[in-house]
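I'm opening a notebook page on this one. My plan is to look things up one at a time and jot down what I find.

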Amino acid sequence: MIPEPPLRIAVAGAAGRMGRELVKLIAGEPERFGLAAAWVPAGSDALGRDAGEVAGCTGSIGVPCSEIANEGADVDVVIDFTNVAAVPGVARAAVAAKAALLSGVTGLDEAARTAQAGAADRVPVLHADNFSLGVAVLKELAVLARQRLGERFDVEIDEVHHRGKRDAPSGTARMLGRALGDTVDAIRAAPRENPGEIGYSVRRGGQVIGEHTVHFLGPHERLELTHRAGDRSLFAAGALAASGWLALQRPGQYRLEDYLRASE
């Protein structure tokens, strides 16, 4: 059944940075989106509080923050910005609700990937380490540069984030590395042991939302491709836009590129 507007959305991780941004965006477009549930962890200070108040909206939106519901909430899409440990529970809740699952949790482990793959047998699932259109283009440009420049050019991926970010390298840096052929997915510093090996550098501090640079270092020249995020709301807006498309898809696993190509 195709959902009609407003799209009913459950935000998992509603009290976190991204969750609060999502709640504000949803509340700002009532004709398109509706906040059906705001899920927070057990023991959270936000439990029972109005999700709009937690997010910093101008007024109450009438949805109290609650724990993740597995009995089948009345929602069309679950948007997950929790943490790796919470991913399996959120996946089960999406399946119970027969709702699409869109996840922006980074640093997934094997248990989280397995949970999302299992959910995809029942509902449409889209996971992305970054919901920025600019980052999607950065990845395409980096892949093109790698193909054109070849292994004569060393590749370094540099990323900077706020002091509170836990995973390192970031999910976006790992995504860029995988797109460029990296299979080790770990931090490696010079000197390189193998030709074509990709190095990563990580910096944490202040309130930096996110910066990623792919360096191509050649014999007598270098090319640098950089993306800088200026406001966290851009990631929330991207996730929200993709959620409407995802709700119309059949069960299965999707990539952000699938949504972007469908939107061209």
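**Helix α6**

I started with helix α6 and listed its buried residues: G171, T172, A173, R174, M175, L176 and G177. For me, buried means under 20% relative accessible area, exposed means over 50%, and partly exposed is in between, with a 1.4 Å probe and protein chains only. Helices are DSSP runs of H or I with at least four residues, strands are E runs of at least two, and both are numbered from the N terminus. α6 spans residues 171–179 and is mostly covered, with seven of its nine residues buried. I then checked what those buried residues pack against and got α5 (133–149), β7 (154–161), β8 (198–204) and β9 (211–217); contact here means heavy atoms within 4.5 Å. Just after α6, G181 has a positive phi of about 100 degrees.

**Ground rules**

This is a predicted model, so I note that local features need pLDDT of at least 70 and side-chain atom pairs count only at pLDDT 80 or more, while totals for chains, interfaces and linings use all residues. Residues are numbered from 1 along each chain as its sequence is written, and side-chain values use heavy atoms, with hydrogens and water left out.

**Whole protein**

I count eight helices and eleven strands. The radius of gyration is 19 Å, close to the 18 Å from the globule rule for 264 residues, so the protein is as compact as a globular protein of that length. That radius is taken over C-alpha atoms, and the rule is 2.2 Å times the number of residues to the power 0.38. The C-alpha box along the principal axes is roughly 60 × 40 × 35 Å. Of the 264 residues, 50% count as buried. Among contacts between residues at least 6 apart in sequence, 69% join residues at least 24 apart.

**Cores**

Which residues touch the most other members of the largest nonpolar core? I get I9, L35, I79 and F131, in a core of 39 residues. A nonpolar core is a set of buried Ala, Val, Leu, Ile, Met, Phe, Trp, Tyr and Cys residues joined through side-chain atoms within 4.5 Å. Elements giving two or more residues to this core include β1 (7–12), α1 (17–28), β2 (33–39) and α7 (233–246). The largest share, seven residues, comes from α7.

Next I looked at α3 (residues 87–97): nine of its eleven residues are buried, so the helix is largely enclosed by the rest of the structure. V87, A94 and V95 are among the buried ones. The buried residues of α3 pack against β1, β2, β4, β5 and α4. Just after α3, K98 takes a positive phi of about 55 degrees.

Buried or exposed: what is Q116? It counts as buried, at 3% relative accessibility. Q116 sits in helix α4 (residues 110–119). Leaving out residues up to four places away in sequence, Q116 touches V87, S103, L108, V125, H127 and Q253.

**A loop residue**

Last stop was G43, in the loop between β2 and α2. G43 is exposed, with a relative accessible area of 65%. Its C-alpha atom is 33 Å from that of W245, 202 residues away along the chain.
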